[in-house]
Amino acid sequence: MATSSSSNSVITICRLIFLALLGTIYLAPQAEAARAFFVFGDSLVDNGNNNYLTTTARADAYPYGIDSPTHRPSGRFSNGLNIADIISQKIGSPEPPLPYLSPQLNGRRLLIGANFASAGVGILNDTGFQFLNILRMPTQLAYFRDYQRRVQALIGRDQTKRLIEQSLVLITVGGNDFVNNYYLGPSSARSRQLPLPRYVSYLISEYEKLLMNLYKLGPCRILVTGTGAMGCVPGELATRATNGGCSAEVQRAGALYNPQLDKMLKGLNKKLGKYVFISANNGQMHLDFINNPRAFGFTNSKVACCGQGPYNGVGLCTFLSNLCPNRALYAFWDAFHPSEKANRIIVQQMITGSIRYMSPMNLSTIMALDSAT
């Protein structure tokens, strides 16, 4: 029996190695065209929902979208594409899933998926209160339930269930719970209520409930991103830099939060007995090009391309802002959001990155595994 068990283990390891190698060539445009893609979260992945809301968290004016195919603003907080757009390209979607609030999301376009993300939201419902009307996470999940009812009317209950089970989900949320909540102003309500370690533990517990509620709606592959290097973005450098470098306090928050998030996701996978949740270490991905920008083709990883004030990190990016002529040389587009080039580097690590960046496997290996079963 021991010999049989050892033999099975070797076969399993060899199979995973083969799938990992296969994954590097797997994500061809035609291969995953039928796989639906759903997006939840905040401004890092919002592609236009806030355009339809009465909110100050908007990216629907020049120069946002200056490098997009249309060269026009779409609601994305980027000079071009965001990480959700680029992932959709990598998995072969015919087009990025439309914002759920878009009137164009109907008919067969529903089968591509949907983007429910909304700039300004966090894990907690009190995060982003200053932005007025945004789609908080319970609302995003409610819209996902509504989406499924609409698709059932189109293709029936069984095919809808299969479409959801075989889909890929991306959720990017958590950063606003720090920069637009805990560290909002010199003395926020949350910072007075809880010391940072307890606040992080509370966030993790609330996020776990949110993720389980999402899982209960049917998806079997959920890509969860950690927070980026929050203390190193131009917006934080402009207001709370430590000796001219990243904010030590805000970086401390990420250093507490991201490992606990990864541990929580591992625990959920163990509890469920399968790899549902895929953890992306966005903090390390960001630090790579922040600490060594020239290795990634950037000349600047501190100053935003678009903005004003120190590091171009004060206020919004508008037609009156400073605007760099070559966005490909800047790691950050505005005070808080990476440039399209940086987003492409981040997604490439999600697709092919090592265990340092992706756990338990990178996205290409997960997709190859799914195609083989």
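## Helices α3 and α7

In this predicted model, helices α3 and α7 are roughly parallel to each other, a label for angles under 35 degrees. Their axes, fitted to C-alpha atoms over the stretch in contact, cross at roughly 5° and come within 11 Å. Helix α3 covers residues 137–155 and helix α7 residues 196–215; helices are DSSP runs (H or I, at least four residues) numbered from the N terminus.

On the α3 side, M137, L141 and F144 meet L210, N213 and L214 of α7, where contact means heavy atoms within 4.5 Å. These residues comprise five nonpolar, one polar and no charged.

## Helices α10 and α11

Helix α10 (residues 282–291) and helix α11 (residues 340–352) have axes that cross at roughly 130° and come within 10 Å.

N282, M285, H286, D288 and F289 of α10 contact A342, I345, I346, Q349 and M350 of α11. By class, the contact holds six nonpolar, three polar and one charged.

## Residue N269

N269 belongs to helix α9 (residues 248–272) and is buried at a relative accessible area of 8% (under 20%, 1.4 Å probe, protein chains only). Its side chain reaches the backbone nitrogen of V276 at 3.0 Å, and a polar atom of the N269 side chain lies 2.9 Å from the backbone oxygen of F277.

## Basis of the values

Residues are numbered from 1 along each chain as its sequence is written, and side-chain values use heavy atoms, without hydrogens and water. Local features need pLDDT of at least 70, side-chain atom pairs count only at pLDDT 80 or more, and totals for chains, interfaces and linings use all residues.

Technical notes
Axes are lines fitted to C-alpha atoms, for helices over the stretch in contact, and angles run from 0 to 180 degrees between N-to-C directions. Helices (H or I, at least four residues) and strands (E, at least two) are DSSP runs, numbered from the N terminus. Ala, Val, Leu, Ile, Met, Phe, Trp, Tyr, Cys and Pro count as nonpolar, Asp, Glu, Lys and Arg as charged, and the others, Gly among them, as polar. Angles under 35 degrees count as roughly parallel, over 145 as roughly antiparallel, 65 to 115 as roughly perpendicular and the rest as oblique. Buried means under 20% relative accessible area, exposed over 50%, partly exposed in between (1.4 Å probe, protein chains only). A polar contact is a pair of N or O atoms within 3.5 Å; within protein, one must be able to donate a hydrogen and the other to accept it, and residues adjacent in sequence count only if both atoms are side-chain atoms.
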